[in-house]
2 protein chains.
Amino acid sequence: MAITVVGSVAFDTIETPAGKRDRCLGGAATYFSLAASYFTDVRVIAVVGEDFGRRQEAVFQARKIDTRGIEHMAGKSFFWEGSYLENMNEAKTHITDLNVFAAFEPKIPDVYRDSEFLFLANIDPILQRRVREAMPDVKLVAGDTMNYWIKDHRPALLEVLKGLDILLINDTETKMIAGNNNLVQAARAVMALGPKELVVKHGEYGATLFLSESASQQVSESAEQRKSIGVKAFRAPAMPLEEVIDPTGAGDSFAGGFFGYLASQPEQSPTAYRRAMFYGGVMGSFACERFGTERLQTLTRAEIDERFNLFRELTHLA
Amino acid sequence: MAITVVGSVAFDTIETPAGKRDRCLGGAATYFSLAASYFTDVRVIAVVGEDFGRRQEAVFQARKIDTRGIEHMAGKSFFWEGSYLENMNEAKTHITDLNVFAAFEPKIPDVYRDSEFLFLANIDPILQRRVREAMPDVKLVAGDTMNYWIKDHRPALLEVLKGLDILLINDTETKMIAGNNNLVQAARAVMALGPKELVVKHGEYGATLFLSESASQQVSESAEQRKSIGVKAFRAPAMPLEEVIDPTGAGDSFAGGFFGYLASQPEQSPTAYRRAMFYGGVMGSFACERFGTERLQTLTRAEIDERFNLFRELTHLA
C-alpha cells in the first residue's frame, strides 16, 4: 500500500573522517523515500529550487518514487552543511540555508489522496498538522521531529502528536518531550500524548519499540514484562559496522525501512512491527556505508533480506 | 564446575536519585560471586578488614559461596563512596580508601585449585597475572579491567590480556585499549592482544559479544556477516527498567551471570555463549533494582529464568 511522505528534499555538504562530499542529494524525505521504495510505493511532497534538476529527479525515478508532489520554485533548494569529525554519532552543523523551504506550503496532489500510509518527516509541526488534517482517511500515520521543535514549538508539536499512530525519535528527544530522564517512564509519558507506538532510536545501539497496551494485548505477553517495563517493548540491534562512511540520513532511512515494510504487510500485527524494526535497522545500516544516498540507490531486495538474516543471527539465541 | 574469582570485597556508600545507603556490602568480587552463585559453585579470593564481620560473611554463606580465600587483616576494608545524581550511567567517585586492599597479596587456598574456571575481576593487572599464573590448569579464564589500568599500567595489562580467554569491558575501555574509535575495529584490535572472546558492555543498551574466528567456525555463519563485521558478533539487550535504583555492580553482576552460566554448561559452545550473554543481562538488570547487593541476595532460579524469557521476548521476532 502506498505511502505519502512530506519532508525536506535538499542538498548536503558533508565531511566525515572518510572524506568530504559537496552538495549530495539529501533531505529527510529523500532518505525516507529511497529506503521505503524497496518495500512499497512511495509518493513525495516537498519543495525544491532551480538547482534540483534532471540528475536529482532521476534518483527518484530509478526507484519508481512518485515526485508529482515535489513543487519547483524559483531560488535554491534547502542546503545543509555539516561534519562528523569529532563525533560520528552527532553532526556538527555549519550551515543551514532554508532557501525555498522557508516558504514551503505542502500541496497534496489528488493522485496521492488514496495513500493509506502517511509519514510526516521532521519539518515545522504546523505543516505536519496541516498535511495530517488534509489526509484524514489514511490508515496509519507516523512521524518524526527534533529538539528544535520540542524546545521552541511545543504547543504545535503537541497537536501533531495527538494525530500520530507512531512516533520515531531518539533517546534525547524522548526524554526532552517527557521532561524525564528514565527512558521507560519517558516513553510512557510520550505515548500518553498521542502516539500509540513509539520507536526510540539509539544510534549505533539499535532501537526500542514501545507498544501501547491495546497493541500489546494482541500478543501473548507475559504479565511479568508488563509488570517490569510497564509497557510492551521490543529491541532491535544496529549492525556493528566496520566502517561508518557517513551517518547522515541513517535515522530517516530507518524510518523508511520500518514504515515501508509495515505498509507492505496485509496486517500491521505485532509480528509485523517486530520485523519492521529489523528492516529499519537494516536500511539505517546500509545508509551509513556510503556518502549521502549512494548506497540506498543501488540496493536489491536480496541484499536487504540477506542483511535482515544477519540481524536475526546477531540477536537470536539459536 | 567451580569458578574461582579474585577481586575486591568492599563497603560502598552510594547515593542515587532513589536515596542513599551507608556502607553497603560491595566490591566487584562480591557482585560477581552472588550473581554466579545461581548457576555454579563460586570461590572467592579477596582481603577484608576488621569491619567485615558475621553479617557480611552470612551474605556469602547464604549463597553457599566459598569464602575460605577471603583473608582477614587488621585495619579497614576497601571503602568506596560515590553518587549517580546527575548521570545514572556513570558514578561520580567521592572517596576511594584502599585500606587493607593496598597490601593485597592474593593467596590461593589448596581447596580452590581444582577450579576449572577463573575470573580476574578489576584489580591491579600485576595481581591478576599472578593469580592466572598460579592456576595454569584452569579450563577458561575471563577478566575485567578499567580505564585507570589501561591508561597508566598498560605493559602489565597487556601481559594479562595474553592469558585471557574472555575479556569483559565497556565501550570506552575497548576503544581506549585499541586507540580506535570504531567499535568493530577496536574489538578486533583488542582480540589480537590475547582474548579469544570479547564482551563489550553498553550499559542500558546491552552488550555485544565478539567471537574469534576459531569459535565462530563452529557455528553455521554466513559469509556475509564475516564480510560485514569482520568478526562474528552477538548482541544481547539490557532490560528497559522503569526504575533504576542503583546501578553499582551491574557490570560485575553481568560478568557473574555470564561466566556462571558458561561454567554450568557441559560445553562452552557458541550457543552457550549466546545464552550466557542473556543471563549476564538478566543478572545486571536485577542488580539495578535495589541498593547494593540486596536484590542479588534473594533471587530464585525461577525468577532468573522468567526474566531470561523476557529477554527473549524483547529481542526475538517470534
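Reader: How do you know the way in which helix H6 and helix H7 of chain B pack?

Author: Helix H6 (residues 171-178) and helix H7 (residues 183-191) of chain B pack at an angle of about 65°, and their axes are 8 Å apart. Helices here are DSSP runs of H or I with at least four residues, and strands are runs of E with at least two, numbered from the N terminus. The axes are lines fitted to C-alpha atoms, for helices over the stretch in contact, with angles from 0 to 180 degrees between N-to-C directions. This is a predicted model, in which local features need pLDDT of at least 70 and side-chain atom pairs pLDDT 80 or more, while totals for chains, interfaces and linings use all residues. Side-chain values use heavy atoms, without hydrogens and water, residues are numbered from 1 along each chain as its sequence is written, and chains are lettered from A and ligands numbered from 1 in the order in which they are written.

Reader: What makes the residues of H6(B) and H7(B) a contact?

Author: Contact means heavy atoms within 4.5 Å. Among the residues of H6(B) that meet H7(B) are B:Ile177 and B:Ala178, and the H7(B) side includes B:Leu183 and B:Val190. The contact residues divide into seven nonpolar, one polar and two charged. Ala, Val, Leu, Ile, Met, Phe, Trp, Tyr, Cys and Pro count as nonpolar, Asp, Glu, Lys and Arg as charged, and the others, Gly among them, as polar.

Reader: Why are strands E3 and E7 of chain B said to stand at the edges?

Author: The open sheet of chain B has the order E3-E2-E6-E7, with mixed pairing. Strands E3 (19-26) and E7 (92-97) of chain B each have a single partner strand, so one side of each is left without a neighbour in the sheet. Two strands pair if DSSP finds at least two bridges between them. Strands E2 and E6 of chain B pair in the parallel sense over six bridges, and B:Glu15 stands opposite B:Ser83.

Reader: How much area do chain B and chain A bury between them?

Author: About 3,900 Å² is buried, 50% of it on carbon and sulfur atoms. Buried area is the accessible area (1.4 Å probe) that two parts lose on being put together, summed over both.
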